[in-house]
Amino acid sequence: MISKQTLLKTYPLIDTHTHFDAPVFDSDRELLVQQAYECGVRHLLLVGYSHQYFERMYKTEQLLNKLVPLTAKDVDSANLSQIETHTAIGLHPFYIKEHSEDHLKNMAHMIAEQRPIAIGEIGLDTFTESMREPEVFDKQKRFFKAQLDIAVLHKLPVMLHIRKAHAEALAILKAHDYDAHQLGGIAHSFSGGEQEAKAFVRLGFKLGVTGQITNPNAKKLRRAIHAAVETYGIECLVIETDCPDMTPIQCQVSDNNNSWPDKQSHDRNVPANLPWVLLSLSELLNVSPDRLAEQLWHNSCKALQKTWDYSPV
Ligand SMILES: [Zn+2]
């Protein structure tokens, strides 16, 4: 079991995937970012999915980076005094029907003007019946490849969203010029099996682990992460909240009578929940949280082409 002692300690963390610009955070975003800072989060990524929200993301990034932390006077000046927010933009495969060629062109333009930290989230998703229709799936593949082209052109890492289409995504990545060993990249909220996990790592991607890992019943996921680490070490992982989704099991309130007036905001995940992902992984892999946190930091930097300093809290 995760002890209270471990929870009291704070580890420097990078939340590699959030949708913290979502309206569900509008009423208390400043408070939540403060709480995340107190829980060790030092960098946070806003990840794109639809052309219509790119402006909102850049605005949120600017706003968050301007915030003066309430605890500024208590913070060692040698350390970062606030969370740094970064934006990735991309056209998500699940919303493929909404995307147009113009969005793609516009996005390429935006990237040239205002370099994002990454391109994402991009990939393939055949979760629903309609996503499997040949025409729809073809469009997904086309947009996926086009965005990989943009990543290569600008030497940017990609954030992959792959759901129920791992073999097809791997085939595209193997045939494409995009080299994750050089450019970095994350297979966000990884959901495949053992062989697929290893295949993405072999291509140079880090596996993004969410709050799903905190669920003891997520056996397939736990086996896949375990298998990848057995072969490639803890160097192949990064962590993320994917908030407002993927709430760690420890942070879910049992809700049998379904009587909450605002279910969405009640169940939402927040960046401050990220330590639960670290601690669950630490248990699963039998690696101390200190060692794991430091390695995850370096893995995230590698995946994002950054050289952020690791300063233990
Ligand atoms: Zn996401």
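1. The four donor atoms around the zinc ion subtend angles of 83 to 169°, and the arrangement is therefore irregular. The tetrahedral class would require all angles to lie between 85 and 135 degrees. For reference, the ideal angle for four tetrahedral donors is 109.5 degrees. It should be kept in mind that this is a predicted model.

2. Which residues supply the protein donors of the zinc ion? They are H17 and H19, each through NE2, E121 through OE and D242 through OD, at 2.1 to 2.7 Å from the ion. Along the sequence, the spacing of these donor residues reads H-x1-H-x101-E-x120-D. H19 belongs to the loop between β1 (13–18) and α2 (29–38), while D242 belongs to the loop between β8 (237–239) and α10 (263–267), so this pair ties together parts that are 223 residues apart in sequence.

3. Helix α9 (residues 219–232) packs against helix α11 (residues 274–285) at an angle of about 65°, their axes being 11 Å apart. The two helices are therefore roughly perpendicular, and α9 passes α11 in a right-handed crossing. On the α9 side the contact involves R222, I225, H226 and V229, which meet L281, L284 and L285 of α11. By class, five of the residues in this contact are nonpolar, one is polar and one is charged.

4. Helix α9 also packs with helix α8 (residues 194–202), here at an angle of about 45° and with the axes 8 Å apart. α8 and α9 are therefore oblique to each other, and the crossing is again right-handed. From α8, the residues in contact are E194, A197, K198, V201 and R202; from α9, they are R223, A224, A227, A228, T231 and Y232. This contact comprises six nonpolar residues, one polar residue and four charged residues.

5. A further helix pair is formed by α5 (residues 134–154) and α6 (residues 166–175), whose axes come within 11 Å and cross at roughly 35°. This crossing is right-handed. F137, K141, F144, K145 and L148 of α5 make the contact with E168, A169, I172 and L173 of α6.

Terms used. Residues are numbered from 1 along each chain as its sequence is written. This is a predicted model: local features need pLDDT of at least 70, side-chain atom pairs count only at pLDDT 80 or more; totals for chains, interfaces and linings use all residues. Side-chain values use heavy atoms; hydrogens and water are left out. Axes are lines fitted to C-alpha atoms, for helices over the stretch in contact, and angles run from 0 to 180 degrees between N-to-C directions. Helices (H or I, at least four residues) and strands (E, at least two) are DSSP runs, numbered from the N terminus. Angles under 35 degrees count as roughly parallel, over 145 as roughly antiparallel, 65 to 115 as roughly perpendicular and the rest as oblique. A crossing is left-handed if the near helix is turned anticlockwise from the far one by less than a right angle, and right-handed if clockwise. Contact means heavy atoms within 4.5 Å. Ala, Val, Leu, Ile, Met, Phe, Trp, Tyr, Cys and Pro count as nonpolar, Asp, Glu, Lys and Arg as charged, and the others, Gly among them, as polar. Donors are N, O and S atoms within 2.8 Å of the metal (3.2 Å for Na, K and Ca); water is not among the atoms, so sites may look incomplete. Four donors count as tetrahedral if all angles lie between 85 and 135 degrees; four count as square planar and six as octahedral if opposite donors are over 155 degrees apart and all others between 65 and 115; anything else is irregular.
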